[in-house]
Amino acid sequence: MLSQYARHRGQDERPIRYFAQDESRFGLHTLMGRLITACGIKPIGQWQWLFKAFWLYGAVEPATGESFFLQFSHVDTECYQRFLNEFSNAYPDSLNVLQVDNGRFHKGKALVVPENIILLFQPPYCPELNPIERLWEHLKASLKWAAFKTLDQLQVKIDQLLAELTPQVIASLTGYSFILDALSALNTV
């Protein structure tokens, strides 16, 4: 796909931007983590088994730390289509390469990928290759042992955590050296 774009590059001078994209579930079920206790003392923490949740769709640009997030109640092709349309409208002046996993909804027959987006599918079963996974870990680390009574309370907390994210933090979490090296080589061509 990029080679097709490169052939037309002389006619189209839009910059190429690379984003890592994924979805993550955030719910009322308590995320358990390590607690520091005295030797031989079993850690005690409050937890709940509620399974109400929402999904955060996100895209981050490792080179700059720029980010784009939307919340949805579930994951399917229709929600992903809305995400792609909103993302396309947010970055209309560039050709946006989105690295995605092989979720069925990323390849749905009804999915219409906007003209300024190219989906770059990573190998199956390799979430560690997608830099946004480290951002999800960072966000969820702040939620360990937290118990929220309602999804609204959890959404407020997620909104607060997203507002606190700076481009520098996002770039430091997602800027894998092999990706940044490839992007710098692309920009010199």
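Guide: Welcome! Local features in this predicted model need pLDDT of at least 70, side-chain atom pairs count only at pLDDT 80 or more, and totals for chains, interfaces and linings use all residues. Residues are numbered from 1 along each chain as its sequence is written, and side-chain values use heavy atoms, leaving out hydrogens and water.

Visitor: Why is Cys 79 called buried?

Guide: Buried means under 20% relative accessible area, exposed over 50%, and partly exposed in between (1.4 Å probe, protein chains only). Cys 79 has 8%, so Cys 79 is buried. Cys 126, at 18%, is therefore buried too.

Visitor: And why does Lys 149 count as exposed?

Guide: Its relative accessibility is 72%, which is over 50%, so Lys 149 is exposed. Lys 149 lies in the loop between α3 and α4, and its C-alpha atom is separated by 7.5 Å from that of Leu 28, 121 residues apart along the chain.

Visitor: How many disulfides are there by the rule?

Guide: The count is 0, where a disulfide is a pair of cysteine sulfur atoms within 2.5 Å.

Visitor: What makes a set of residues a nonpolar core?

Guide: The members are buried Ala, Val, Leu, Ile, Met, Phe, Trp, Tyr and Cys residues joined through side-chain atoms within 4.5 Å. The largest such core here has 25 residues, and Phe 26, Leu 56 and Leu 139 are among those with the most contacts inside it. A second, separate core of 17 residues includes Phe 87 and Ile 117.

Technical notes: Helices (H or I, at least four residues) and strands (E, at least two) are DSSP runs, numbered from the N terminus.
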